[in-house]
Amino acid sequence: MDNFSSLLDHLHDGNPKQKTDLLSGTESEMDHLVSSISFDLERLLNSRSAWSILPKECRDLKKSFLGFGLNDLKMYAFSNEEDLEIIRQNLEDLLLLFEPRLSHVNVILMPQEAYLHGFLPIVVEATLCPPYRDEAVYFDISLKISEE
């Protein structure tokens with residue numbers, strides 16, 4: 001296993017005819033890393049957590065596969081600044097918990113007009129953790145608010 005691919009990358013091989021992984025230090029290594037993180041973020045943010053609120057004695061379950069994914073976004077009022085801040089903070093916490101290749105995660109919620117169409121557009125700004133060059137990365141993501 002190379003040092004920049006996630007387990008999901010190894011289970012989902014986009015190029016099965018390529019017998020070796022990308023060489024270290026190449027530009028395509030960085031492209032592969034960012035693509036890998038983007039793929040994993042998509043899986044994380046398109047999953048729903050089994051619980052919104054856990055009893056105190058079960059808080060460690062949040063760090064397990066049972067806590068993987070977003071809480072249901074339909075329970076928030078998107079016109080309420082406090083709810084939007086809760087969503088933003090929950091997204092940052094989730095990304096830091098389940099994407100160890102990122103640090104200094106900052107989630108930016110895009111203007112409210114988009115919420116009316118059932119999506120929550122966000123931008124994720126983060127820094128790649130060492131040994132991944134300590135470089136800034138950005139991801140544009142659109143979260144589906146409801147299943148309507």
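Q: What N to O distance goes with the salt bridge in which the side chains of R43 and E42 meet?
A: This is a predicted model in which local features need pLDDT of at least 70, side-chain atom pairs count only at pLDDT 80 or more, and totals for chains, interfaces and linings use all residues. Residues are numbered from 1 along each chain as its sequence is written, while side-chain values use heavy atoms, with hydrogens and water left out. A salt bridge requires a side-chain nitrogen of Lys or Arg within 4 Å of a carboxyl oxygen of Asp or Glu. For the side chains of R43 and E42, the N to O distance is 3.3 Å.

Q: Are R88 and E92, the partners of another salt bridge, buried or exposed?
A: The closest N and O atoms of R88 and E92 are 2.3 Å apart. Because these two residues lie four places apart in helix α3 (residues 81-98), about one helical turn separates them; helices (H or I, at least four residues) and strands (E, at least two) are DSSP runs, numbered from the N terminus. On the scale where buried means under 20% relative accessible area, exposed over 50%, and partly exposed in between (1.4 Å probe, protein chains only), R88 and E92 are both buried.

Q: Which residues are linked in a network of salt bridges that includes E99?
A: The structure holds five salt bridges, and in one of them the side chains of E99 and R101 meet at 2.7 Å, N to O. Both E99 and R101 are buried. The residues linked in the network are D40, E99 and R101.

Q: Leaving aside neighbours within four places in sequence, with which residues is I108 in contact?
A: I108 belongs to strand β1 (residues 102-109), and its relative accessible area of 32% makes this residue partly exposed. Its C-alpha atom is separated by 9.8 Å from that of L91, 17 residues apart along the chain. With contact taken as heavy atoms within 4.5 Å, and with those sequence neighbours left aside, I108 is in contact with P121, I122, V123 and E125.

Q: In what order do the elements of the protein chain run from the N terminus on?
A: The protein chain has three helices and three strands. Among contacts with a separation of 6 or more, 50% join residues 24 or more positions apart. Read from the N terminus on, the elements run α-α-α-β-β-β.

Q: What percentage of the 148 residues of the protein chain count as buried?
A: The accessible surface of the protein chain, from the Shrake-Rupley method with a 1.4 Å probe and, for residues, only the protein chains shown counting as cover, comes to about 9,400 Å², of which 55% belongs to carbon and sulfur atoms. Of the 148 residues, the part that counts as buried is 39%.
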